[in-house]
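Subject: Structure for your review

Dear colleague,

Please find below the sequence and structure that I am handing over to you. My findings follow directly after it.

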Amino acid sequence: MVAAPLFDMIARRSLVQTLNQAAMRTLPIVLTFLLAGLLWFAAMTEATAQSSAERGQAVIEKWCRTCHLRLTDRPDPDMAPAYEEIVLRPGRTRCYFEQFLNEDHFPMTTYRLFDDEKADVVAYLMALQRAERAKGRGN
Ligand code: HEC
């Protein structure tokens with residue numbers, strides 16, 4: 001029979017076409033899900049970054065305000081500088097602060113933070129640095 005292979009070919013091609021059409025129909029759906037997933041991931045990362053900085057701020061309020069001034073305080077040479085000033089000093093990178101918090105510093109020797117608290121404090125300082133730089137203070 002001559003018709004059989006021909007019929008077979010037509011059938012196969014329409015199968016391919018059907019699959020193609022199905023793929024084209026599902027593609028937007030797949031892409032939508034992918035995009036939604038990406039957005040969700042971005043939102044979650046942003047949320048954890050925020051709360052880490054917030055926790056860092058809480059650590060600073062609890063342990064560091066005995067010495068470090070707030071920007072709104074009256075300047076006092078006997079007190080340690082405000083973090084808004086510190087983050088605008090040259091070379092104050094994430095790496096610098098991480099190292100600083102891992103070393104002993106007179107007169108800060110007695111202040112020992114847990115590793116997660118150090119990470120949170122650094123997150124806070126980096127957020128503060130971005131905010132201060134955005135205000136056009138410093139470099
Ligand atoms: C006993 C007082 C005291 C306490 C408490 C204290 N600091 Fe300090 N801190 C200082 C002094 C003094 C300096 C040095 C001032 C300077 O660099 O001009 C300083 C400097 C710093 C610097 C700047 C380092 C640099 O090289 O720019 C950072 C960051 C810092 N402290 C973080 C902290 C954190 C975080 C805490 C709380 C866990 C804390 N400090 C608690 C006194 C203190």
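Of the contacts in the protein between residues at least 6 apart in sequence, 63% join residues at least 24 apart. Please note that the model is predicted.

As to the overall make-up, the protein has four helices and zero strands, and the order of its elements from the N terminus is α-α-α-α. Of its 139 residues, 9% count as buried.

The largest nonpolar core consists of 10 residues: Ala53, Tyr83, Val87, Phe97, Val121, Val122, Ala123, Tyr124, Leu125 and Leu128. Helix α4 supplies the largest share of this core, namely six residues. In soluble globular proteins, nonpolar side chains tend to be buried together. One member of the core, Ala53, touches Ala123, Tyr124 and Ala127, if residues up to four places away in sequence are not counted.

I also examined the packing of two helices. Helix α3, which spans residues 94-102, packs against helix α4, residues 115-134, at an angle of about 145 degrees, and their axes are 10 Å apart. The crossing of α3 past α4 is right-handed. On the α3 side, the contact is made by Arg94, Phe97, Glu98 and Leu101, while α4 contributes Lys118, Val121, Val122, Leu125 and Met126. By type, the residues of this contact comprise six nonpolar, three charged and no polar ones. Phe97, Val121, Val122 and Leu125 take part in this contact and also belong to the largest nonpolar core.

Yours sincerely

Technical notes:
Residues are numbered from 1 along each chain as its sequence is written. This is a predicted model: local features need pLDDT of at least 70, side-chain atom pairs count only at pLDDT 80 or more; totals for chains, interfaces and linings use all residues. Axes are lines fitted to C-alpha atoms, for helices over the stretch in contact, and angles run from 0 to 180 degrees between N-to-C directions. A crossing is left-handed if the near helix is turned anticlockwise from the far one by less than a right angle, and right-handed if clockwise. Two residues are in contact if their C-beta atoms, placed from the backbone, lie within 7 Å. Ala, Val, Leu, Ile, Met, Phe, Trp, Tyr, Cys and Pro count as nonpolar, Asp, Glu, Lys and Arg as charged, and the others, Gly among them, as polar. A residue is buried if 20 or more other C-beta atoms lie within 10 Å of its own, exposed if 12 or fewer, and partly exposed in between; C-beta atoms are placed from the backbone. A nonpolar core is a set of buried Ala, Val, Leu, Ile, Met, Phe, Trp, Tyr and Cys residues joined through C-beta atoms within 7 Å.
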